Amino acid sequence: RGYQTVHGFDRSRYLLSRGRRQAKAAGTKVEFREGDARKLPFPTDKFDRAYMAGNSFGYFEAAEDDERVLSELRRVLRPDGILLLDITDGAYLRDTFEPRSWEWIDRNCFVCRERQLDSSGTRLISREVIVEAQKGVIADQFYAERLYDAETIVALLNRFGFQDVDLHAPLTPDSERNMDLGMMARRLVVTARIEKKWADKSAPVKRKRVLVLLGDPKLTDTVKPGAVFDEDDVETVNRLKNALAGLANYEFEFHDDHAGLQGFLAANSARFDLALNLCDEGFANRARLELHVPALLDILGLPYSGGTPQCLAYCYDKTLVRGIAQELDIPVPAAFTIRQTHTNFFELPVAFPVIAKPNFGDSSVGITKDNVCATPTELEAAISRLRSQFGPETPILVEEFLTGKDITIGLIGNPDQDLMILPIVEEDYSELPDDLPRICGYEAKWDPDSPYARLKSIPAGLDREVELFVEESSTILFRRLECRDYARFDWRLDQNGTPRLLEANPNPGWCWDGHLAKMADLDGLDYRTMLAKILDAAAARIQR
């Protein structure tokens, strides 16, 4: 209709994904964002119009939360902006709802619904059971809706500064199949104008002071070739500083002296609004101590970006992440673990080929082409190498070696605010010699002279159903593993095209040429903008 700046906002990743597809097909430009309407991620006085459709108003358990939504709508609307609410007619539904109903929703599925009012008579509680003819029950869910009548909603809007409230003729949809219309049976359509003044923008915006924590270039780092920081690392940090320097809302101070870190933080943490924790090398450049940096920040009360100590502990343990994924019905490769007690004998419940990995660690340390094994002899040699490198006490994870697309997905933001799903990329192995296994291991990340250095990340080109599954599952894992602000999840397709989770990476590589930056670039975000979104996500989370 000619509007140039349109935003869609919802908590449902499925609906957002569907909206993006429809907007793209229609050739319209709409920015879709995920989050919680009680804390909208938009500036004050942003919009001329706001529209809440399809009973989006009234789902929260407490009436105070509905009021927070109206308060946020008041904030983001410009003076004289218009709000349109499309909600169920609470008075009508209170008197006419069906306590029980059922209907076929397609040829294979039918739904049974049970409804009752709560003790106050202000909320309608519904149970919905969806049954598939062959599989049985596929969904059993509860939801509730606060029932607003016309008089109540007008009074509520007036209380929050909305004037000229207009109750339009109610909508009464018809059903050709005599469907149970439930909450949609009779609609109230309400428009109102916000009466307020423009926000005072004359006061200068205070720039947030950010402490950037990095690895210590004076110490050895066993992850890096030669165990030292080299010219590439210096360039990476310089590119980071140049990118951050262009962010007008922040001012930065950098710290990489780990020997003096505790004393510095104890004396100076009060000077900073937050820490940008980019110390993915770990305290004293020891990967197993990565969680100690946020733990120290927690103790001193300095908010920070990225994962908590608990999150980093979860994700450092590959078998623990596998167990959590399986608990959530997220598929993983078939695998078993070899422990110190397994010396010369162990069962082999996984068919060859397999890949052997150290159970603890990140940055693909210990994972090379020689870890892909086609015979027991090769597996024994790989186990021997890993034990020699990491010690006999380190568990070794042996997984089936999947041969489908090797994909990764990045997320920036937080589930209850504005979680952005970056385009999924796959590793392009087309330039790799045929005799080398298709893995993105240590050689690809750290050895510029290796054939694996030719690997490129390209758009994955997945079927939409697979893409949606990876997005949904990664979002679920993001929340369950307590990731914050940004994360990356590595997947691989099996021979049937089923995506299986390989690893979860909180605080993933932040460098200008890393996977996260490549995915962001595909989404139209340059390096500076990607860093800004990570910082903004942390700042918004901290302010809540």
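This report describes selected helices, ring contacts and backbone features of one protein structure.

The model is predicted: local features require pLDDT of at least 70 and side-chain atom pairs count only at pLDDT 80 or more, whereas totals for chains, interfaces and linings use all residues. Residues are numbered from 1 along each chain as its sequence is written, and side-chain values use heavy atoms, with hydrogens and water left out.

**Helix 5**

Helices (H or I, at least four residues) and strands (E, at least two) are DSSP runs numbered from the N terminus. Helix 5 comprises the 15 residues 231-245. The expected span of a helix is 1.5 Å times one less than its number of residues.

Burial is judged by relative accessible area: under 20% is buried, over 50% is exposed, and values in between are partly exposed (1.4 Å probe, protein chains only). In helix 5, Asp233, Thr236, Leu240, Ala243 and Leu244 are buried. Because they cover an arc of only 95° around the axis, they lie on the same side of helix 5; the arc is that of the directions from the helix axis to the C-beta atoms. An α-helix has 3.6 residues a turn, so residues three or four places apart point the same way. On the other side of helix 5, Glu231, Asn242 and Ala245 are exposed.

The buried residues of helix 5 pack against strand 11 (208-213), strand 12 (250-255), strand 13 (274-277) and helix 14 (527-543), where contact means heavy atoms within 4.5 Å. At the start of helix 5, a side-chain oxygen of Asp230 comes within 3.1 Å of the backbone nitrogen of Asp232.

**Helix 13**

Helix 13 spans residues 515-522, and its buried residues are His515, Leu516, Ala517, Met519 and Ala520. Among the elements that cover them are strand 18 (406-413), strand 22 (485-493) and helix 14. Gly524, with a positive phi near 85°, follows helix 13.

**Asn505**

Asn505 belongs to strand 23 (residues 499-506) and is buried, with a relative accessible area of 12%. Its side chain forms a polar contact of 3.2 Å with that of Asp490. A polar contact is a pair of N or O atoms within 3.5 Å; within protein, one must be able to donate a hydrogen and the other to accept it, and residues adjacent in sequence count only if both atoms are side-chain atoms. Leaving aside neighbours within four places in sequence, Asn505 is in contact with Ala487, Arg488 and Asp490.

**Charges over rings**

A charge sits over a ring if NZ of Lys or CZ of Arg is within 6 Å of the ring centre and within 35 degrees of the ring normal. Two such arrangements are tabulated.

| Charged residue | Ring | Distance to ring centre |
|---|---|---|
| Lys224 | Phe229 | 4.7 Å |
| Arg239 | Trp512 | 3.7 Å |

**Backbone features**

The peptide bond from Phe352 to Pro353 is cis, with omega near 0°. Pro353 lies in the loop between strand 14 (335-338) and strand 15 (354-358).

Asp45 is not a glycine, yet has a positive phi of about 60°. Asp45 occupies the loop between strand 2 (30-34) and strand 3 (47-52) and is buried, at 4% relative accessibility. Asp164, also not a glycine, has a positive phi of about 50°. Asp164 is in strand 9 (residues 162-167) and is exposed, with a relative accessible area of 54%.
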